Amino acid sequence: MDDSSERRHAAGRGRSGRIVYAGHTRHGETPAHVGATWGTAVRATLHCLTGCAIGEILGMVIGTALAWGNVQTMVLAITLAFLFGYSFTLFAVVRSGLTLKAAVKVALAADTVSIAVMELVDNAVIALTPGAMDAHLGDGLFWAALLGGFAVAFAVTTPINKWMIGRGKGHAVVHAHH
């Protein structure tokens, strides 16, 4: 399925409350492969990565600039990564007409696993890169570890998102609201 026909593909909620993709479910089945293209997974992961990266970089810059310890800086960076990651989805689904309460539920369902995996992988790369936790903002190692962590997190999270979307979970719950 190409990108243009993928965007036109109808999705909605069935009587059971689960996502139903027009023309691709049989009675009693969950949509196993609908919308689960690599292109869809890449876009979902990039969407998530953008919010995470903004929060993560902001947290690392603030913590490093204030000479906070590694734990405090990472806690701030992870907290802001989740906040920004959720906010990108939250604002998009609120614009589509959902109430704030409903939008929060969609954002939590859509992004929690993706953000959690991304943050786990990204922070593991940073923590395991020798000297990265002690690097300063002006050090190339600081930025190389941070950006390298994002690249590895993207590579790990994309197949997970593909798998989840193919089962009507993760970013698939957002598609009904676009």
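**Exercise 1. Find the handedness with which α2 passes α3, then describe how the two helices pack.**

Solution. In this predicted model, α2 passes α3 in a right-handed crossing. Next, take the geometry. Helix α2 covers residues 38–65 and helix α3 covers residues 70–95. Their axes lie 7 Å apart, at an angle of about 150°. Now classify the angle. The cut-off for roughly antiparallel is over 145 degrees, so α2 is roughly antiparallel to α3. Last, sort the contact by class. The contact of α2 with α3 has eleven nonpolar residues, ten polar and one charged.

**Exercise 2. Describe the packing of α3 and α4.**

Solution. Start with the two numbers. The angle is about 140°, and the axes are 8 Å apart. Then give the hand: α3 and α4 make a right-handed crossing. Finish with the residues. In the contact of α3 with α4, 18 are nonpolar, four polar and two charged.

**Exercise 3. Compare the reach of α4 with its expected span, and locate its kink.**

Solution. Helix α4 runs over residues 100–128, which gives 29 residues. At 1.5 Å a residue, 42 Å is expected. From first C-alpha to last, α4 reaches 39 Å, close to that value. Now look along the helix. A kink of about 45° is centred on D111.

Methods. Residues numbered from 1 in each chain as written. Predicted model: local features only at pLDDT ≥ 70, side-chain atom pairs only at ≥ 80, totals over all residues. Heavy atoms only, no water. Helix = DSSP H or I, 4+ residues; strand = E, 2+ residues; numbered from the N terminus. Expected span 1.5 Å × (residues − 1). Bend = angle between axes of the 7 residues up to and from the residue. Axes fitted to C-alpha atoms, helices over the stretch in contact; angles between N-to-C directions. Parallel < 35°, antiparallel > 145°, perpendicular 65-115°, else oblique. Left-handed = near helix turned anticlockwise from the far one by under 90°. Nonpolar A, V, L, I, M, F, W, Y, C, P; charged D, E, K, R; others polar.
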